[in-house]
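Please keep the sequence and the model in view while reading.

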Amino acid sequence: MLYAVVFVEIGIAMPFMPVWLDALGLDPAVIGLLLALPIATRIVATAPLMSLIDRGVGARALLLAGSLGLALTYGLMPAAAPLGWGLLAALTVLNAVAGAPLVPSIDYLTLAAVRARPRLDYARIRMAGSVAFLVANLAGGALLGGLGGQVAVPLLLTGLALVASGVAYASRDVAPAPARAIGGARPPLPGRLWLCIGAAAAIQASHAAIYSFGSIHWTGQGLSTATVGGLWGVGVLSEILLFALIGRLPGRWRTPFRLLAMGGTAALVRSLGLYALGDWLPALVALQALHGFTFGATQLGAMAAVSGFAPEGARGRAQGTLSAVNATVSASATILTGFAYRAGGPLAFALMAPLAVAGLALTAMAARRHVRQGTRGPGMNTGA
């Protein structure tokens, strides 16, 4: 329920907040600034907020406070918009601070529950978020069209945030209480975890070109908007399918290193394929189906690494660090992608291949370090 309601909210905000800002008549440069502010804010705010868990602040409390903060800031946006974009920018920053710990906190709670109850499966639980995101993308346009008016988007998001706060309030006993750092110390994150975090960030950043310019390039090749929407649907459906079926693989295939290797290999094939075959529809369908691995397997590998390698008293910080590093690397790759696409068009897709290679190299380094320590790798079903 937590994943579903939060990802419905994300699935509405991501595609439709830019449309709402444009409907206000704002200058494109201002819209770009307002869309960039949440990314920069999450980079700065996520790790410190998630570190509060290691100091005794419950993940559920962060979820409740963050959801109420989102509801308040979304609710004030329609009133702030006529007063100038500066006030809207301030609300956008506060909104991003409130939203920064939501998904990492749900991941934290889920992984804690999975470690405590091995019958649970992180991938199957996380799948609810992907399904909700797809439903929000498909139904959001029609729903917002029915609401109408310039307050429709923030009004709907306010309501969803209030629903999320209610679910968070009801989520008592989802997971054990967090362990505090002993004696107030901050246990360091182990090297193999840092390497896995870097690998996951590099592989996820390899999506930058397709996220930013995939639709633009495909419509430029003559594909209809309906076809482009279908291609994105293939990607999300493949992600859902992976989450549903990954638990059937043997445990040795669900270690952080093999999951990250699956994601990195698929990302390498996808980036080069988009460059070489990006104007051939059958190839695009197959390449989009790789999203289940490029995103899904990478996500599962990163979660298995955080759950298995982060020491007690540093799990919140590990979750926040993963989110912050992901955001930083992806934002940097997105900026570079803009220059690359302007200079070479589809060459930007091929330039994502080095990120996939970097992810594979970091994964191999993490696996070697893990083997030298002589410990068994965690599986994704238990996270332990």
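## Helix α13

Helix α13 covers residues 291-309, and its 19 residues should span 27 Å at 1.5 Å a residue; the C-alpha atoms at its ends lie 26 Å apart, which agrees. The expected span is 1.5 Å times one less than the number of residues in the helix. Helices here are DSSP runs of H or I with at least four residues, numbered from the N terminus. Of the 19 residues in α13, 17 are buried, and the helix is thus mostly covered. Buried denotes a relative accessible area under 20%, exposed one over 50%, and partly exposed the range in between, with a 1.4 Å probe and protein chains only.

The model is predicted: local features need pLDDT of at least 70, side-chain atom pairs count only at pLDDT 80 or more, and totals for chains, interfaces and linings use all residues. Residues are numbered from 1 along each chain as its sequence is written, and side-chain values use heavy atoms, with hydrogens and water left out.

## Charged side chains

How many salt bridges does a search of the whole structure find? The search finds one. A salt bridge is a side-chain nitrogen of Lys or Arg within 4 Å of a carboxyl oxygen of Asp or Glu. The partners are R315 and E312, whose side chains meet at 3.2 Å, N to O. R315 counts as buried because its relative accessible area is 11%.

D121 is buried yet has no salt bridge, and the nearest side chain of opposite charge, that of R124, is 5.3 Å away. In assigning charge, Lys and Arg count as positive and Asp and Glu as negative, while His and the chain ends are not counted. The side chain of D121 does reach the backbone nitrogen of A123, at 3.1 Å.

S130, in helix α6, is buried, with a relative accessible area of 2%. Its side chain is joined to that of E239 by a polar contact of 2.3 Å.

T219 belongs to helix α9 (residues 208-220) and is partly exposed, with a relative accessible area of 36%. The side chain of T219 reaches the backbone oxygen of I216 at 3.0 Å.

## A nonpolar patch

Which residues form a nonpolar patch on the surface? They are Y275, L347 and L351, with about 280 Å² of accessible area together. Such areas come from the Shrake-Rupley method with a 1.4 Å probe, and for residues only the protein chains shown count as cover. Patches are made of residues with over 30% relative accessible area and no salt bridge; like charges are joined within 9 Å, and nonpolar side chains (Val, Leu, Ile, Met, Phe, Trp, Tyr) within 5 Å. Y275 is located in helix α11 (residues 256-277) and is partly exposed, with a relative accessible area of 44%.

## Distances across the chain

| Pair | Separation along the chain | C-alpha distance |
|---|---|---|
| I10 and L157 | 147 residues | 8.9 Å |
| T219 and D279 | 60 residues | 10.0 Å |
| V234 and T92 | 142 residues | 32 Å |
| V151 and P187 | 36 residues | 46 Å |

I10 sits in helix α1 (residues 2-23) and is partly exposed, at 26% relative accessible area. V234 is part of helix α10 (residues 225-245) and is partly exposed, at 24%. V151 falls in the loop between α6 and α7 (152-169) and, with 42% relative accessibility, counts as partly exposed.

Terms used. Polar contact = N/O pair within 3.5 Å; in protein donor to acceptor, adjacent residues only side chain to side chain. Helix = DSSP H or I, 4+ residues; strand = E, 2+ residues; numbered from the N terminus.
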